[in-house]
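Me: I'd like to go through this model with you and ask what stands behind each label. Could you set the values against the definitions as we go?

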Amino acid sequence: MRIFGRWVIASFLILFVSMGTYAYADQTIKIGLIGPMKFVPGEHILWGGTLAVEEINKAGGVTIKGKKYTLEVAKADSNEILSLPDAVSAMERLITSDKVDFLIGGFNSEPVLAMQEVMAEYKKIWLCPGSSHVKPCERLAENYEKYKYFFRCGPPNTVYAGRIVAHQLMMVIEKVREELGVKKPKVALFNEKGLWAEANIENAVKEVPKEEFEVVGQWAISRTASDVTAEMSAIKAAGAHIILDCVSGPAGIPMARTWGELKIPAALIGVDIPGMTLAHWQATNGMCNYEMTMQTIGRVEITEKTIPFYDKMVDKTKQNPTYIAVDAYDAVYVIKDAIERAGSLDTDAVLAALEKTDYRGAMGRIKFFPKNHEWPHDLVWGPGYVTWVDTQWRDGNLATVWPDGKARLGMKDLEGLRYKGTVDYRLPPWMIEYWKNKK
Amino acid sequence: MLERILVNGLVTSGTYAVLAVGFSLIFGVAKIFNMAHTALYMITAFLIFVGTNQLGFPYALSAVVSVGATIGFGLICYALLFDRVKVHQTAVMIISLAVAMLGQEILLLTLSGHYRGIAPFVTGSIDILGVAVLYQHLFTVLGCLATLFGLWALLTKTNLGKAIRAVAQDSETANLMGINVSRVCLITMGISAGLAAVAAVVAAPLEPLHPGMWMLPLTMILAAVVLGGLGSIKGSVFGAIILGFAETIVVTAVPGGSFLRGAVSLAAMVLVLIARPEGLFGVVFEEERL
């Protein structure tokens, strides 16, 4: 009987200790990762965000006033590529059912605008790694109190993206001049029909002085176009030296494939979202060789964190990180940094800390515009902050070719900015051959 | 410009024609408005992708197996679903749409929504009338022409073809004449699914593969079929040619509006229907069918 009594006491002791441990483990901070999970952007939000959470937990978690907290991920499929209402419901579910503390995710601008309403209703802090349109941040300028929980930790907005594409265009204009002796290269504009694509192209063309190039036409295709042979043939007939593209849908695949296979004698540059992943090489049967596209990062030393993050993602997923993966990865660290500085999980305290963010992430130095800016809580773009890069397909790999250390279009602080590992841009060899034979 | 319109128009029309003919055939014979027709095209394309890219089989082997599997799937759908409700055309339409959506969701779950591609089995290009044409495009046009010729020969030169036409014209009389109508409908479903699969074999290497790829061609073939006249094979071919060329003319002549290629084609269809509601080769009398 005495032995039995000891066992009972021991059991109670074990139970007590376990309860204590459980109480400690319950100190978790829940991060909601939301995106179109069956598509590349959603997968990359999940991969980037989860990698950051794993790293933070492994390093001891988040510290608030000496107490350790573990990060936990709750994921939600917004299905926003196929259905806008699904995105709103998924966001609501994350907040009300999963009871997340912070939100990271969102891809397309239109669903993001709808999801902002849910965020505002529940007053949840949301770092969005997608949506390049300026509208979500313009809303903060119009009604700061309502939308102040929104931060864009994503790709350059359409104005900055236009500026980056303009630098890309200018770099290639110089190359065409240098190698082909063409004083005023002809440019064909090729974009999908959509707000962001049209704004990008328009902003890019506006940034480059008119005397530098001549526009031979604009081809606006449907986002789901599956055959662009007629467009490519017309571009060749128009005598274009450069095709400035802006596509996010499946049309990016036939575009690059037809261009490479028909050996269209024009450099293919701009923004091709399907062209940002290693899978593009297979999907185009290698025909995308020499295509250039804007990206958030390449495998170059933007900061000391860039290459380790890039390699971890490739090891883990066999995919290169697209812009949205690194954005989600950095977003988790930005939240951790803000919580620790705020010393609290209180929404207003964390929000105030987020507004003072100055964090060195894998994509560069992250700072948000203040509330009196035309785009409050959008990322500060430019040398010394986040610049993004341009990558060119070279025999199955994405080589970083911009920033190339040269200042153009009046941006003097780009002089000398060339991340370690960057290589020079090259014109497609068939293009050089075609134009030299034509002389 | 005319050369470009001619060459590119032929390429676009070819694929639409093979798809539209398959759709029209099963509607003409079994009165099945098969909204899953282009989903069969998509399924074949993905099966070829899995065969060539994931299992490492040669293209020809993957294509043969995929066509066989698609025909089998089409026959199962017919026997288990369409045949039971075929007297209610609206029910068939809704069920077939559900099959297509189900196919899309299964592909999303198993292979995700990534954009993929199948390597063309012929690479390079040739100059025709000063227009660079991909060998793969040429193969697609020739493949479509051969398929259409084969179908014409089957329908006009064989007993099976006569039976199919007889059922299309008047199934009750055909039944009284000793034709097994159910079997003919089943075989026609197999041929229709086979046509969708063959269209994928010749055209899939030109397309980005994704689980939503069945929707756009469905709109276009519906337009071609309605334009040509529901149930008329000849009409479907002409409808496809008109839409294919309308698209190419828009892209070539109005580059800034090339996103309108689908809308302009559909507008052309509406105009024709206003003038001739039964379509270009519409069936006014049942004996004209097929």
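**Labels and their cut-offs**

Reply: Gladly; let me begin with one residue. A:Val332 touches A:Ile31, A:Gly49, A:Ala52, A:Val53, A:Ile56 and A:Ile104, leaving aside residues up to four places away in sequence. This is a predicted model, where local features need pLDDT of at least 70 and side-chain atom pairs count only at pLDDT 80 or more, while totals for chains, interfaces and linings use all residues. Residues are numbered from 1 along each chain as its sequence is written, and chains are lettered from A and ligands numbered from 1 in the order in which they are written.

Me: What makes two residues count as being in contact?

Reply: Their C-beta atoms, placed from the backbone, must lie within 7 Å. On that test, 33 residues of chain B are in contact with 32 residues of chain A. The largest share of chain B's side, four residues, comes from H1(B).

Me: Which residues have the most contacts inside the largest nonpolar core?

Reply: They are A:Ile242 and A:Val332, in a core of 237 residues. A nonpolar core is a set of buried Ala, Val, Leu, Ile, Met, Phe, Trp, Tyr and Cys residues joined through C-beta atoms within 7 Å. Helix H1 (residues 2-30) of chain B gives the largest share of this core, 15 residues. Domain 1 (10-155 + 303-366) and domain 2 (159-295 + 403-438) of chain A both contribute residues, so the core lies between them; the domain bounds come from an automatic or database domain assignment.

Me: Which are the edge strands of the six-stranded sheet in chain A?

Reply: The open sheet runs E2-E3-E1-E4-E5-E6, with mixed pairing. Strand E2 (62-64) and strand E6 (150-152) of chain A are the edges, since each pairs on one side only.

Me: How do you know that E2(A) pairs with E3(A)?

Reply: Pairing requires that DSSP finds at least two bridges between the strands. Three bridges join E2(A) to strand E3 (residues 67-77) of chain A, so the two pair, and they run antiparallel. A:Val62 stands opposite A:Tyr69 in E3(A).

Note on methods:
A residue is buried if 20 or more other C-beta atoms lie within 10 Å of its own, exposed if 12 or fewer, and partly exposed in between; C-beta atoms are placed from the backbone.
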